[in-house]
Amino acid sequence: MESLLTPAEQTELNKFGLLELTASHTYLHLANRMKTLGYFGAEKLFTEESEGEREHYNKIEAFCNNLNSELSVDALDKVTSTVSNIKEALEMAAEMEKDLLLEYETSAKKADLSLKVVLLLQEFTTHQVGAVGEYFDLLARLALTNDMLLFDKELGN
């Protein structure tokens, strides 16, 4: 049986599979940085975020599988950063989520995609709006305190 995805759709979905795994990998890196710096609440937050990005990848993979196709993802790039505190980590995460939002939004507007793929991309676009808002809210809350350890503890709850 042949795939129910066009080559263009498969290319887009492969791109998002890679982006979601990259986001997961980045969050694992941030979790490790936060643990090294002694911010265990932030470590927990970013570990959970990593797991969420893996769930997004799995959703895209299942979508492809249901349409008799297979997600193909290249090797992930090494993640490096000079993040040295929670604020920098949250800013990095916010920027990454914003970039992912723009990618989903741009792809959802492409004329060569079927309705089924556009609906999937719109679902992820809606999710990304919430993710961006979450990080903007966390950054705003962080700006209200000078007690980084208390803020970190709240992140872990």
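Contact here means heavy atoms within 4.5 Å. The model is predicted.

Helix α2 covers residues 40-66. At 1.5 Å a residue, its 27 residues should span 39 Å. The end C-alpha atoms of α2 are 39 Å apart, so the span agrees with expectation. N68 follows α2 and has a positive phi, near 60°.

A42 lies in helix α2. Its relative accessible area is 0%, so A42 is buried, a class that requires a value under 20%. Leaving aside neighbours within four places in sequence, A42 is in contact with M34, I86, D152 and L155. The C-alpha atoms of A42 and E154 are separated by 8.8 Å. Along the chain, A42 and E154 are 112 residues apart.

The packing of α4 and α5 was examined next. Two packed helices are described by the angle between their axes and the distance between the axes. Helix α4 spans residues 115-142, and helix α5 spans residues 148-155. They pack at an angle of about 150°, with axes 11 Å apart. Angles over 145 degrees count as roughly antiparallel, and α4 and α5 are therefore roughly antiparallel to each other. The crossing of α4 past α5 is right-handed. On the α4 side, the contact is made by L138, R141 and L142. On the α5 side, M148, F151, E154 and L155 take part. By class, this contact has 5 nonpolar and 2 charged residues, and no polar ones.

Technical notes: Residues numbered from 1 in each chain as written. Predicted model: local features only at pLDDT ≥ 70, side-chain atom pairs only at ≥ 80, totals over all residues. Heavy atoms only, no water. Helix = DSSP H or I, 4+ residues; strand = E, 2+ residues; numbered from the N terminus. Expected span 1.5 Å × (residues − 1). Axes fitted to C-alpha atoms, helices over the stretch in contact; angles between N-to-C directions. Parallel < 35°, antiparallel > 145°, perpendicular 65-115°, else oblique. Left-handed = near helix turned anticlockwise from the far one by under 90°. Nonpolar A, V, L, I, M, F, W, Y, C, P; charged D, E, K, R; others polar. Buried < 20%, exposed > 50% of the residue type's maximum accessible area, 1.4 Å probe, protein only.
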